[in-house]
Amino acid sequence: MLTSLSLIFLVGLAMGAICGYLKLPRIIGMLVTGIVLGPYVLDLLDPSILSISADLRKMALIIILLLFVKHSCYPSISAKIFFGFVHNIGKSEIEIESNKI
């Protein structure tokens, strides 16, 4: 199972980088990776991965939402919250920026 997860991760990153180089969204490379490595094309994944696929989908959704918030119209707030930079700013700045939302 660990081999399958690492294969998904590494090939997904590589395909994402290739798509980024081709000026395509990186998510396309990751989606193609899932399709190609999955049970319908090459079937390189361990069957136990399919049994935990619901949990993996939830984790992927959380990561996508965090990236969306990071690149949203308020990136300064999300960066300070998600990456722990809140201690570097004053309380008044947090109050001012939270009023913008």
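## The largest pocket

The largest pocket is lined by 27 residues, and Ile-8, Met-30, Gly-34, Leu-56 and Ala-60 lie nearest its centre. Helix 1, helix 2 (26–37), helix 3 (47–51) and helix 4 (53–70) each give two or more residues to this lining. The pocket holds about 1200 Å³ of space. Its lining divides into 20 nonpolar, 5 polar and 2 charged residues. Here Ala, Val, Leu, Ile, Met, Phe, Trp, Tyr, Cys and Pro count as nonpolar, Asp, Glu, Lys and Arg as charged, and the others, Gly among them, as polar.

A pocket is found on a 1 Å grid over the protein atoms alone: an open set of points where a 1.4 Å probe fits, with protein on both sides within 12 Å along at least five of seven lines. Lining residues have an atom within 4 Å of a point. Grid points are joined across faces, edges and corners, and the volume is the space filled by probe spheres set on them.

## The model and its chain

This is a predicted model: local features need pLDDT of at least 70, side-chain atom pairs count only at pLDDT 80 or more, and totals for chains, interfaces and linings use all residues. Residues are numbered from 1 along each chain as its sequence is written, and side-chain values use heavy atoms, leaving out hydrogens and water.

The protein chain has 6 helices and 0 strands. Both are DSSP runs numbered from the N terminus (helices: H or I, at least four residues; strands: E, at least two). Of the 101 residues, 15% count as buried. Buried means under 20% relative accessible area, exposed over 50%, and partly exposed in between (1.4 Å probe, protein chains only).

## Ser-4

Ser-4 sits in helix 1 (residues 2–21). Ser-4 counts as buried because its relative accessibility is 6%. A polar atom of its side chain lies 2.9 Å from the backbone nitrogen of Asp-46. Beyond its neighbours within four places in sequence, Ser-4 is in contact (heavy atoms within 4.5 Å) with Leu-44, Leu-45, Asp-46 and Ile-49.

## Leu-37

Leu-37 belongs to helix 2. Leu-37 has 6% relative accessibility, so this residue counts as buried. Leu-37 and Leu-7 are 30 residues apart in sequence, yet 8.7 Å apart in space, C-alpha to C-alpha. Leu-7 is one of the contacts of Leu-37.

Conventions. Polar contact = N/O pair within 3.5 Å; in protein donor to acceptor, adjacent residues only side chain to side chain.
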